[in-house]
Amino acid sequence: YYPSEEIKKLIYTIKFMTMSDIELAVEAVCAILSKSQNLSSSNIKMIFIEILTNLLKELSGVKQVKSEIWNEGFSLYNELEQINSIEQIKEKLLNNSNKVAIQLHQSQQNSGEIIIQNTKAFMEKNYTDESITLSKAAEEVSISMGYLSALFNKETGENFTEYLTNI
């Protein structure tokens, strides 16, 4: 049995869920690997390589990735020959998955902050224009109105209209 669904779930979990969810997803993949009697250690290592490759692909979309995360990801490929148990794979995979998740979450947070900074700059530049709207601001920063509204409220603690009124 090849754990393709569990691998997809792991990657999704790393991108969007909590550290405890990541631990459960890693455990699910490793449980399947340890129960599969028709998988050789070489097959298991290839699955591990596939997961590492997917994690590095996710990082490739992030602009400011710490070089230590890249280096550690690549060094895991080299360490693979010394890994002799599912437990070691689980430990390495969990450690690397958590680091990738932190980097992805920080990137998402930074992205939201940049959007709000650009929105505020647009508002401050155009606050005298009576036709300024949430729709125009969303268009300016290239996101949907609903997403900007929710993000603005989350990042500033006030809604778009309140902030505009207080300029």
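The model is predicted, so local features need pLDDT of at least 70 and side-chain atom pairs count only at pLDDT 80 or more, while totals for chains, interfaces and linings use all residues. Residues are numbered from 1 along each chain as its sequence is written, and side-chain values use heavy atoms, with hydrogens and water left out.

A pair of aromatic rings is described by the distance of the centres and the angle of the planes. Rings of Phe, Tyr and Trp (its six-membered ring) pair if their centres lie within 6.5 Å, and planes under 30 degrees apart count as stacked, over 60 as edge-to-face and the rest as tilted. Across the whole structure, five aromatic pairs are found. In one of them, the ring centres of W70 and F74 are 6.0 Å apart and the planes meet at 15 degrees, so this pair is stacked. Together with Y77, these two residues form one aromatic cluster. Relative accessible area, computed with a 1.4 Å probe on protein chains only, is termed buried under 20%, exposed over 50% and partly exposed in between. W70 is partly exposed because its value is 23%, and F74 is partly exposed because its value is 44%.

Helix α4 also carries E72. The side chain of E72 makes a polar contact of 2.6 Å with that of K99. Such a contact is a pair of N or O atoms within 3.5 Å; within protein, one must be able to donate a hydrogen and the other to accept it, and residues adjacent in sequence count only if both atoms are side-chain atoms. Leaving aside residues up to four places away in sequence, E72 touches N95, N96 and K99, where contact means heavy atoms within 4.5 Å.

N96 is also one of the residues lining the largest cavity, together with L52, L55, L56, L59, I69, G73 and V100. Two or more lining residues come from each of α3 (41-60), α4 and α5 (86-126), and α3 gives the largest share, four residues.

Turning to α7, E155 lies in this helix, which covers residues 145-156. E155 is partly exposed because its relative accessibility is 27%. Its contacts, not counting residues up to four places away in sequence, are Q109, G112, E113 and I116. The C-alpha atoms of E155 and Q117 are 9.9 Å apart, although 38 residues separate them along the chain.

Another glutamate, E87, is found in helix α5. E87 counts as exposed because its relative accessibility is 53%. From C-alpha to C-alpha, E87 and A31 are 9.8 Å apart in space and 56 residues apart in sequence.

Technical notes. 1 Å grid on protein atoms, 1.4 Å probe; cavity = no way out; pocket = protein on both sides within 12 Å on 5 of 7 lines; lining within 4 Å.
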